[in-house]
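Morning, everyone. I have a few slides and one structure to walk through. Here it is.

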Amino acid sequence: MVAVVPARGGQAAPQQVAQRSSRTGYLLLFPGLAWLAVFFAIPFVTLFLTSLQQPIPGKSGKYQFGLEFGNYATALSEYWELYLRSFVYAGIATVLALAIAYPLAYFIAFRAGQWRSLMLVLVIAPSFASFLLRTYAWKTILADEGWITSTLNALHLLPEGRILNTGIAVVAGLTYNFLPFMILPLYAALEKIDPRLIEAAGDLYASPQTAFRKVTWPLSLPGVVAGTLLTFIPAAGDYINAALLGSTGNRMIGNAIQINFIQFRDYPTASALSFMLMAAILVLVFTYIRRAGTEDLL
Amino acid sequence: MRWLRKRLVGIIAVLVLVYLFIPIAVIMVLSFNNPAGKYNLSWNEFSLAAWTNICGVPGVCSSFVTSIEIGIISTIFATILGTMISFALVRYRFRGRSTTNLLIFLPMATPEVVMGASLLALFLNLRFPLGQLTVTIAHIMFIISFVVVTVKARLQGMDPRLEEAARDLYANPRAVFRYVTFPLVLPGILGAALLGFSLSFDDFIISFFNAGTLVTFPIYIWGAAQRGIPVQVNALATIVFLVALVIVLSGQLLSYRRRKALEAR
Amino acid sequence: MADQQGDRNVEDLHLQSLTKKFGDVAAVDDLTLTIPAGSFFALLGASGCGKTTTLRMVAGLEDPTAGTIRIGDKDITGLRAFERPVNTVFQSYALFPHLDIFENVAFGLRRRGIKDVTTQVEQILDLVELGPMARRKPTQLSGGQQQRVAVARALINKPDVLLLDEPLGALDLKLRRQMQIELKRIQVDVGTTFVHVTHDQEEAMTMADTVAVMNKGRIEQMGHPADIYELPRTVFVANFLGQSNLFDGRRSGMSGDDILVDSHGLTFAIPSDRFFAEGEDAIVGVRPEKIHIADGADVDTVPENHNRVPGRVTDVSYTGVSTQYLVEAAWGQELGVFEQNVVVGDRCDVGDRVVLHWSPSHTFGLDPSGGSTVGVDTEVLALGALNARLLGDSAGA
């Protein structure tokens with residue numbers, strides 16, 4: 001029955017730096033922003049224009065300016081399944097990554113002590129090895145004759161009798177590849193939580209489970225939102241995992257964009273597909289952020 | 001049971017870390033393999049062939065060098081441009097701040113395939129020849145945002161009183177920058193550059209769209225994946241991984257030593 | 001004061017109509033002030049009263065909206081921070097973390113193009129007793145040592161004025177006491193004008209020759225610490241500097257040189273030179289340690305001319321050197337009384353009927369504009385309210 005009043009920590013925050021208003025600010029901004037405008041923003045305009053192009057009659061593979069909104073209808077009717085699959089795969093991978101990442105991020109933030117920075121290095125370290133090779137390595141790990149597949153097969157847990165070249169392998173690859181993007185924002189949010197808050201919850205009769213549900217989890221939500229976005233977005237657009245670990249039945253929308261752009265050279269369809277992917281992701285992200293109530297994240 | 005409950009989070013954490021390193025272990029082990037067929041996917045017999053003749057397969061080393069060139073050049077440009085933006089964001093008042101923030105945030109929130117495709121659409125419409133230049137341009141574009149985020153954090157974390165103290169101690173604006181601001185932000189800039197290089201070096205999707213006939217290291221691996229990846233690729237990837245790890249760990253060790261020295265005071 | 005800085009004369013610091021507005025809010029409002037050369041001057045006030053802004057304007061880190069700053073006859077208002085003969089000891093020191101102690105201290109000299117700095121740096125490090133630490137990094141020093149480096153780093157430049165922005169805020173209580181004495185010693189040694197900004201009234205009173213109490217961008221009262229404490233001229237000063245018992249009253253007449261004020265059915269005498277109310281309404285004030293407490297037979301021995309308030313003891317706390325009482329007057333207000341523990345065992349108990357009394361010469365009369373609680377720590381008020389609620393609840397249960 002002892003209620004403790006935690007000591008008020010720290011001193012007054014340092015005052016805001018006086019921000020100067022001068023030409024120098026614009027001069028500093030200009031080159032970088034111009035680069036982003038020319039090579040990031042304007043390409044979206046050309047992408048949109050390309051998506052409306054029509055074929056030049058008589059010349060196959062050549063396109064000219066047009067307002068062919070039908071490209072979108074054609075692309076959608078042909079590839080709607082791949083959009084759906086991309087979002088389902090990316091969604092599952094994001095949820096799995098959150099479940100795997102949270103305990104690790106929690107441990108690094110609250111329990112790792114002097115090992116904290118070393119563990120953070122270990123989280124980033126796998127990214128130093130080639131993304132493609134790491135994905136390729138899962139071919140070895142999940143191989144049909146490998147012990148993971150045979151163990152799960154012995155337990156009759158695999159509907160198709162194998163992992164490689166199925167959706168399971170693609171989702172596993174996505175989960176693995178984008179895990180650091182989940183761990184780091186989670187860690188950043190958890191690390192900001194004053195451990196005394198959790199102690200205070202315990203002091204005020206919360207069990208460890210309740211303290212987690214009522215204090216730790218809500219305070220880590222900004223990290224959860226950031227982490228799920230940073231995982232979901234690249235996962236939904238990825239096609240390497242589907243190409244290396246899946247079969248033709250597991251193709252994602254990224255595969256379709258790549259093939260249409262680079263193999264078929266059907267630029268209007270590929271552009272329409274890209275544009276719709278971006279639009280769909282933006283809509284999903286903004287509704288998600290609104291529902292999560294953390295608009296200040298942007 | 002109690003013992004387990006207390007350590008459960010720690011045990012899971014270690015297991016997750018191990019999980020992160022499983023593919024790395026596979027890459028390393030297979031670099032000493034002498035594969036049975038053309039695919040280097042399962043262990044056959046020990047061999048040092050790849051390590052003793054690391055450039056033995058045509059295209060491996062040249063693509064590796066191409067990737068390093070692109071990485072260095074785009075890192076230098078992106079670091080300079082991104083650092084300038086960070087200073088403007090933290091230190092200057094200007095109009096259009098929210099547009100600026102959006103322009104910096106969006107490249108990090110856009111799937112690579114969309115960025116690659118839209119940039120390709122631009123180059124195609126301009127009839128701009130694809131090659132090392134277009135890939136470098138693309139890399140600078142997507143690295144800038146990461147540099148801005150990293151350097152900005154460092155700048156914001158800096159006590160504004162340090163620069164005021166310098167001004168108070170007879171440092172004119174140029175001297176404040178040279179003797180106080182820059183040395184203090186430098187670790188952040190170096191970190192951003194390291195991150196930028198690793199992003200550029202490992203990028204596949206954006207590069208692939210804008211490479212034309214150019215072959216970077218990841219593009220080489222992608223092409224080789226269909227017909228069997230040479231063991232040399234595993235050896236090179238192992239080297240890159242270890243070098244990067246050594247760089248980062250020695251940085252860690254340095255700050256750890258410094259901390260220890262403090263405690264032993 | 002003997003000038004120990006060679007042929008250079010230390011000159012007075014003049015602030016003339018100094019004003020700083022942030023948007024529509026005046027942080028410093030038409031401040032005019034002369035700080036005598038070689039004095040230890042304290043600007044005392046709660047956070048947000050404008051004291052730090054004043055300091056930053058003198059340092060050149062903030063541009064005044066209006067007004068001038070002069071040192072002697074030299075106008076420094078337009079000079080930038082690095083051009084002023086003024087140095088600052090920053091709150092939490094702002095030592096450069098990437099430079100060692102020696103380079104931190106040498107920073108100002110080097111920026112002014114002085115080549116041979118070694119002798120000077122070693123001398124000043126000896127003055128602050130940090131000679132052996134020269135090659136350490138700031139983070140390797142304790143809080144007190146860092147504080148002395150900050151002082152050395154500023155003083156080595158032989159500024160006309162040394163500004164100290166809450167220099168002891170980051171230190172623990174014991175170290176703060178020690179550093180107060182240390183800073184005072186250094187100031188006497190070098191003879192430079194020190195302008196010290198603090199919210200800690202005890203710190204200001206211990207070190208400074210002159211204290212200026214600031215409130216809402218203006219100086220409420222300025223003078224020697226003892227003079228301000230003994231005779232506060234405004235309600236704010238009475239409450240902010242130490243504690244005061246204040247009660248509302250109305251002027252009712254004169255008795256010799258004393259002004260009489262009626263309050264809650266009692267009459268208090270206040271010497272006319274201690275009376276500052278403008279109109280008929282006045283606030284009567286007395287410091288807790290000036291009050292004597294009489295109970296039982298002692299009541300008959302209360303001097304005839306003393307001001308007196310009968311009441312009931314509601315709380316007794318024994319603090320060692322003194323005993324602090326809370327006594328509830330007939331109209332419900334609680335008065336604080338500090339009594340030295342001279343006689344052992346002679347204490348009142350809760351519930352005792354007592355008479356409080358004090359000499360008119362310890363009474364002061366203040367102008368009531370603004371009410372009787374300005375300057376009281378609002379957290380103390382809130383705690384008092386909470387306390388009352390809790391007591392009320394337990395009484396009801």
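**Helix α1 of chain B**

Start with a length check on α1(B): its 29 residues at 1.5 Å a residue should span 42 Å, and the end C-alpha atoms lie 41 Å apart, so the two agree. The expected span here is 1.5 Å times one less than the number of residues. Helices are DSSP runs of H or I with at least four residues, strands are E runs with at least two, and both are numbered from the N terminus.

Some housekeeping. This is a predicted model: local features need pLDDT of at least 70, side-chain atom pairs count only at pLDDT 80 or more, and totals for chains, interfaces and linings use all residues. Residues are numbered from 1 along each chain as its sequence is written, while chains are lettered from A and ligands numbered from 1 in the order in which they are written.

Back to the helix. α1(B) bends by about 55 degrees at Leu8(B). That bend is the angle between axes fitted to the seven residues ending there and the seven starting there. Which residues of α1(B) are buried? They are Ala13(B), Leu20(B), Pro23(B), Ile24(B), Val26(B), Ile27(B) and Leu30(B). Buried means 20 or more other C-beta atoms within 10 Å of the residue's own, exposed means 12 or fewer, and partly exposed is in between, with C-beta atoms placed from the backbone.

Next, the interface. 70 residues of chain B are in contact with 75 residues of chain A. Contact means C-beta atoms, placed from the backbone, within 7 Å. Helix α1 of chain B, residues 2–30, gives the most to chain B's side, with 13 residues. By class, that side has 54 nonpolar, 10 polar and 6 charged residues. Nonpolar covers Ala, Val, Leu, Ile, Met, Phe, Trp, Tyr, Cys and Pro; charged covers Asp, Glu, Lys and Arg; the others, Gly among them, are polar.

Now chain C. It has 9 helices and 20 strands. Its C-alpha atoms fill a box of roughly 80 × 45 × 45 Å along the principal axes. Of its 397 residues, 40% count as buried.

Look at the open sheet of 6 strands in chain C. The order is β6-β7-β8-β3-β9-β10, with mixed pairing. Two strands pair if DSSP finds at least two bridges between them. The edge strands are β6 (86–89) and β10 (218–223), each pairing on one side only. Twist averages 20 degrees from one strand to the next. Helix α1 of chain C, residues 51–59, packs on this sheet, and its direction makes about 145 degrees with that of β7(C). Those angles run from 0 to 180 degrees between N-to-C directions, with axes fitted to C-alpha atoms, for helices over the stretch in contact.

Into the sheet, then. β3(C) has 5 of its 5 residues buried. Phe40(C), Ala42(C) and Leu44(C) sit on one side, Phe41(C) and Leu43(C) on the other. β3(C) runs parallel to β8(C) over 5 bridges, and Phe41(C) stands opposite Val195(C). β3(C) also runs parallel to β9(C), over 4 bridges. There, Leu44(C) has Val213(C) as its bridge partner.

Last, a hairpin. β4(C) and β5(C) run antiparallel, joined by 2 bridges. Arg70(C) stands opposite Asp75(C). With 2 residues between the strands, Gly72(C) takes a positive phi near 60 degrees.

That's my walk-through. Over to you.

Key. Contact = placed C-beta atoms within 7 Å.
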